[in-house]
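Visitor: I'd like to learn how to read strands and turns. Could you walk me through it?

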Amino acid sequence: MCGILGSIGAVNQERFEQALDLMEHRGPDASGTHHRGSFSMGFRRLSIIDLSDEANQPMFTSDGRFGIIFNGEIYNYLEIRDELANLGNEFRTSGDTEVLLYSFKQWGHKCLEKLNGMFSFAVFDFDEEEVFIARDRLGIKPLYYLMDEGSFSFASEPKSLIYL
């Protein structure tokens with residue numbers, strides 16, 4: 001199931017951690033957060049495809065420019081992985097999260113045209129100070145957001161947003 005939580009703007013890191021913990025039932029296997037500048041990203045993991053610690057999130061590109069939090073499953077990730085590998089991308093994990101991350105790095109928002117699956121995710125571009133947020137076409141994986149006094153937050157469950 002997994003759970004994601006992200007915020008752009010000033011955030012109390014302790015409250016952010018507590019808001020993420022409200023989604024523990026979505027991902028009891030691992031938890032991770034990352035705060036950089038005005039970006040905060042958090043993840044609760046339910047391990048399904050790649051059970052290794054290397055597949056924990058937030059996950060970052062090897063150059064550190066992009067970071068991702070991702071809830072869902074990309075059904076055609078093996079085909080996309082092969083295409084990305086042929087373009088020179090190297091992978092550390094065997095899961096779909098890293099494939100999604102490098103798909104965004106390779107093709108930007110056009111990566112959505114290649115995806116077959118159910119998902120909600122956010123890719124943080126730390127160099128450009130931008131965040132790209134998307135969910136599957138049918139909205140199978142939840143993604144709620146809140147704009148409030150100079151900040152923008154999003155999560156898999158609204159109670160985490162209310163708590164922030």
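Guide: Helices (H or I, at least four residues) and strands (E, at least two) are DSSP runs, numbered from the N terminus. Two strands pair if DSSP finds at least two bridges between them. This is a predicted model, where local features need pLDDT of at least 70, side-chain atom pairs count only at pLDDT 80 or more, and totals for chains, interfaces and linings use all residues. Residues are numbered from 1 along each chain as its sequence is written, and side-chain values use heavy atoms, leaving out hydrogens and water.

Visitor: Which strands pair with β6?

Guide: Strand β5 (residues 66–74) runs antiparallel to β6, joined by nine bridges; in one of them, Ile 74 partners Gly 117. On β7 (residues 130–135) there are six bridges to β6, again antiparallel, and Phe 124 has Val 131 as its partner.

Visitor: How do I read the two faces of a strand?

Guide: In a regular strand, side chains alternate between the two faces of the sheet. Here, both faces of β6 are covered, with residues including Phe 119 and Phe 121 on one side and Met 118 and Ala 122 on the other buried (buried is under 20% relative accessible area, exposed over 50%, partly exposed in between, with a 1.4 Å probe and protein chains only).

Visitor: What sits in the turn between β6 and β7?

Guide: The two strands form a hairpin with four residues between them, and Glu 129 in the turn has a positive phi of about 55°.

Visitor: Is Glu 129 buried or exposed?

Guide: Glu 129 is exposed, at 62% relative accessible area.
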